[in-house]
Amino acid sequence: MKLFIDIGNTAMKWRYTLNGGVVQGGCRHGRDWAPVVELLLAGAPAQRLVSVWVASVAGREADAEVTRLLLAATGVQARFYYSRAEHHGVTNCYPEPVRLGVDRWVAMIEGFRRFGPCIIVDCGSALTIDAVDAHGHFMGGYIVPGLGMLRGALLRDTADVHIEPGASSLGLGKSTGQCVHNGLLRMSVAFVTEVVVELRQVLDDTCKVLVTGGDGPELLEAFAFDFEHMPDLVLDGLEFVAGEEQ
Ligand SMILES: Nc1ncnc2c1ncn2[C@@H]1O[C@H](COP(=O)(O)OP(=O)(O)O)[C@@H](O)[C@H]1O
Ligand SMILES: CC(C)(COP(=O)(O)O)[C@@H](O)C(=O)NCCC(=O)O
Ligand SMILES: [K+]
């Protein structure tokens, strides 16, 4: 049985693969790693764990702690995949390739492998948009705060903005909560839409747009362009690149 883990800045997502079967889970981690690893292991199928591969953007301290916890509990040494200059036909445009978030990198490799040129929208703690052309060149991307971060900033930096959870739409808000939810949704959707429209003039107007990330379901309701919702794109990419490593 193999274990693949995607550690972002808000949530940890995991996937066990065992002779054809797949068991997945995920939760917000709050950077409290012990209970999250415990939860991850509690959901493990009763099979011998042979390998653990991790794609993490949570920082080296988090990586070391998760590695320690997994080793103590399973005896297996977690292996970390990091962004690089080129892999599986995708070339990295960063001057220092390893600085590119590995979640973005493995998503690009998976997207290019399956669709060729693609635009990847990851609605995570940060909202990222990345473009890969027909030659596998990572053209570049954008990093902006995700919906959770935007709401948090408004709450933290204002005295009278109190946000109750609520559905969001693109319409004018008629309460503080609605003004915030709808405003942040509209701002995020407008940004993504403008970039997609522009990139589809450069890449190809049928270029696939792949939407992933925890806030994906909320944003894609409002997208007016066609897209593929691929909530497991990062885990899919990690499983692919890990499978090719010895
Ligand atoms: N289990 C969860 N319950 C509610 N919201 C979540 C959950 N996990 C993630 N989110 C929301 O999704 C966003 C994070 O997306 P995700 O892609 O899961 O995280 P990461 O950035 O850690 O990869 C945040 O805005 C957060 O509010
Ligand atoms: C941009 C990110 C924070 C997104 O991570 P997430 O929202 O999934 O937590 C992550 O890809 C990252 O830490 N990147 C490193 C900087 C870069 O990609 O340029
Ligand atoms: K992510």
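**Figure 1. Contacts of Gly101 in the predicted model.** In this predicted model, Gly101 is in contact with Val57 and Ser83 once its neighbours within four places in sequence are left aside. Gly101 lies in the loop between β7 (90-91) and α3 (102-115). With a relative accessible area of 19%, Gly101 is buried, the cut-off for that class being under 20%.

Figure 2. Val102 has its place in helix α3, and at 3% relative accessibility Val102 counts as buried. Leaving aside neighbours within four places in sequence, the residues in contact with Val102 are Ala55, Ser56, Val57, Tyr81, Tyr82 and Ser83. Val57 and Ser83 are also the residues that Gly101 contacts, with its neighbours within four places in sequence left aside.

**Figure 3. The annotated set that includes Gly101 and Val102.** An unreviewed UniProt entry carries the annotation "binding site" for Tyr94, Gly101, Val102, Asp103, Arg104 and Thr176. These residues are spread over 83 residues of sequence and are also spread in space, with up to 40.6 Å between C-alpha atoms. From this set, the lining of the largest pocket takes in Tyr94, Gly101, Asp103 and Arg104.

**Figure 4. A second annotated set, gathered at one spot.** The annotation "binding site" in the unreviewed UniProt entry also covers Asp6, Ile7, Gly8, Asn9, Thr10, Ala11, Met12, Lys13 and Ser125. Although these residues span 120 residues in sequence, no two of their C-alpha atoms are more than 13.4 Å apart, so they gather at one spot. Asp6, Gly8, Asn9, Thr10, Ala11, Lys13 and Ser125 from this set belong to the lining of the largest pocket.

Figure 5. Asp6 is found in strand β1 (residues 2-7), whereas Gly8 is found in the loop between β1 and β2 (11-18). Asp6 is buried, with a relative accessible area of 8%, and Gly8 is buried as well, with a relative accessible area of 10%. Not counting residues up to four places away in sequence, Asp6 touches Ala11, Met12, Lys13, Ala55, Val234 and Leu235. With residues up to four places away likewise not counted, Gly8 touches Lys13, His29, Val57 and Ala58.

Figure 6. An open sheet of mixed pairing is formed by 5 strands in the order β3-β2-β1-β4-β5. At its edges stand β3 (21-28) and β5 (79-80), each of which pairs on one side only. Within the sheet, β1 and β2 are paired in the antiparallel sense over 6 bridges, and the bridge partner of Phe4 in β2 is Arg15. Helix α1 (residues 33-42) packs on the sheet and touches β1, β2 and β3, its direction making about 25° with that of β2. Helix α2 (residues 60-74) also packs on the sheet, where it touches β1, β2, β4 (51-56) and β5, and its direction makes about 155° with that of β1.

Figure 7. Strands β8 (residues 118-123) and β9 (residues 126-132) run antiparallel and are joined by 6 bridges, and Val132 is the bridge partner of Cys118 in β9.

**Figure 8. The whole chain, as a setting for the close-up views.** The chain has 7 helices and 12 strands, and its C-alpha atoms fill a box of roughly 55 × 45 × 35 Å, taken along the principal axes. For 246 residues, a compact globule would have a radius of gyration near 18 Å, and the 19 Å of the chain agrees with this. Of the 246 residues, 48% count as buried. Among contacts between residues at least 6 apart in sequence, 54% join residues at least 24 apart.

Definitions and conventions. Residues are numbered from 1 along each chain as its sequence is written. Chains are lettered from A and ligands numbered from 1 in the order in which they are written. This is a predicted model: local features need pLDDT of at least 70, side-chain atom pairs count only at pLDDT 80 or more; totals for chains, interfaces and linings use all residues. Side-chain values use heavy atoms; hydrogens and water are left out. Two strands pair if DSSP finds at least two bridges between them. Helices (H or I, at least four residues) and strands (E, at least two) are DSSP runs, numbered from the N terminus. UniProt positions are given in the numbering used here, feature names are shortened, and annotations may be inferred rather than shown by experiment. On a 1 Å grid over the protein atoms alone, a cavity is a set of points where a 1.4 Å probe fits but cannot get out, and a pocket is an open set with protein on both sides within 12 Å along at least five of seven lines; lining residues have an atom within 4 Å of a point. Buried means under 20% relative accessible area, exposed over 50%, partly exposed in between (1.4 Å probe, protein chains only). Contact means heavy atoms within 4.5 Å. The radius of gyration is taken over C-alpha atoms; the globule rule is 2.2 Å times the number of residues to the power 0.38. Axes are lines fitted to C-alpha atoms, for helices over the stretch in contact, and angles run from 0 to 180 degrees between N-to-C directions.
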